[in-house]
Amino acid sequence: FGGSDQVGSLAAPVEPGLGALAANGGPTATHALLAVSPALDAGDATGCRAWDPSSATDVPLAVDQRGEGRPRDGDGDLDAVCDPGAYEAPDAPVVTHLLVVSPLGLGSGRVESAPAGIDCPGDCEQVYLEGTAVSLAASVDPGSYFAGWTTDCTGTAACQLQMDGDRAVGATFGRLFALTVSRVGAGGGSVSSAPPGIACGEDCSEEFAEGT
């Protein structure tokens, strides 16, 4: 009644991921849920209930057919949800990995993550569940520019990470320095720069990255 049925077809069967009928505890044999079972934590997220024919309603179900307590976190995502059926799988081991962001360079800026956790400087370390996709974005303070990522990311676009191990990322921020040209004297003329930026008379001031 919870709408959690998963229906396959001959062309695309749904493998149930069940162990052989065995004595897994309790008064009757059961099929254990294997680690690949789509039934793991696939029940009603609002609570564990069973249909009671005498009252014609759902009633709380605190144990499975074996007498084992439910719900458990069978898929290791830190969210315990009932498994449909007679067998509630035990808690799966939770695997996490550490992400460390290091601000580098003479400039300043901020690195933030999605999902949340990194807000650096300030909070530059976060633990994520294995397999979590993490995106890092850099923003710069006035007078600075973003020079790029190092270590586990490269380039200047958003850093995309898959947390299948511990990760370390450097974020390099450079400083900008202002160059101002003043035309003096009784004569006339213009001043231009390479790289572009100064075109004076009209544009006589420009910020350039350190070392330019």
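Predicted model: local features only at pLDDT ≥ 70, side-chain atom pairs only at ≥ 80, totals over all residues.

User: How many helices and strands does the protein chain have?

Analyst: The protein chain has 15 strands and zero helices. Its radius of gyration is 30 Å, whereas the globule rule gives 17 Å for 212 residues, so the chain is more spread out than a compact globule. The C-alpha trace spans about 105 × 35 × 30 Å along its principal axes.

User: Which figures describe burial, contacts and surface in the protein chain?

Analyst: Of the 212 residues, 26% are buried. Among contacts between residues at least 6 apart in sequence, 49% join residues at least 24 apart. The chain exposes about 12,500 Å², and carbon and sulfur atoms supply 55% of that area.

User: Let us turn to the disulfides. How many are there, and what pattern do they follow?

Analyst: A disulfide is a covalent bond between the sulfur atoms of two cysteines. In this case the structure holds four disulfides. When bonded cysteines are counted along the chain, the pattern is 1-2, 3-4, 5-6, 7-8.

User: Where do Cys48 and Cys82 lie, and which parts does the pair tie together?

Analyst: Cys48 is joined to Cys82 with an S to S distance of 1.6 Å. Cys48 lies in the loop between strand E2 (30–33) and strand E3 (49–52), while Cys82 lies in the loop between strand E4 (57–60) and strand E5 (96–104), so the pair ties together parts that are 34 residues apart in sequence. The torsion about the S-S bond of this pair is about 110°, so the disulfide is right-handed. Both Cys48 and Cys82 are buried.

User: What is the torsion about the S-S bond of Cys120 and Cys124?

Analyst: The torsion there is about 80°, so this disulfide is right-handed. The S to S distance between Cys120 and Cys124 is 1.9 Å, and both cysteines are buried.

User: Are Cys153 and Cys159 buried or exposed?

Analyst: Residues under 20% relative accessible area are called buried. Cys153 therefore counts as buried at 7% relative accessibility, and Cys159 counts as buried at 1%. A disulfide joins Cys153 to Cys159, S to S 1.9 Å, and with 75° about the S-S bond the link is right-handed.

User: How many salt bridges does the whole structure contain, and which residues form them?

Analyst: A salt bridge requires a side-chain nitrogen of Lys or Arg within 4 Å of a carboxyl oxygen of Asp or Glu. A search of the whole structure finds six salt bridges, including that of Asp44 with Arg49, where the closest N and O atoms are 2.5 Å apart. Asp44 is partly exposed at 29% relative accessibility, and Arg49 is partly exposed at 40%. Another salt bridge links Asp64 and Arg66 at 2.9 Å, N to O; both of these residues are buried. Arg110 and Asp119 also form a salt bridge, with closest N and O atoms 2.7 Å apart. Arg110 has a relative accessible area of 32%, and Asp119 is at 33%.

How values were computed:
Residues numbered from 1 in each chain as written. Heavy atoms only, no water. Disulfide = S-S within 2.5 Å. Helix = DSSP H or I, 4+ residues; strand = E, 2+ residues; numbered from the N terminus. Buried < 20%, exposed > 50% of the residue type's maximum accessible area, 1.4 Å probe, protein only. Rg over C-alpha atoms; globule rule 2.2 N^0.38 Å. Contact = heavy atoms within 4.5 Å. Areas by Shrake-Rupley, 256 points an atom, 1.4 Å probe, with all protein chains shown as cover.
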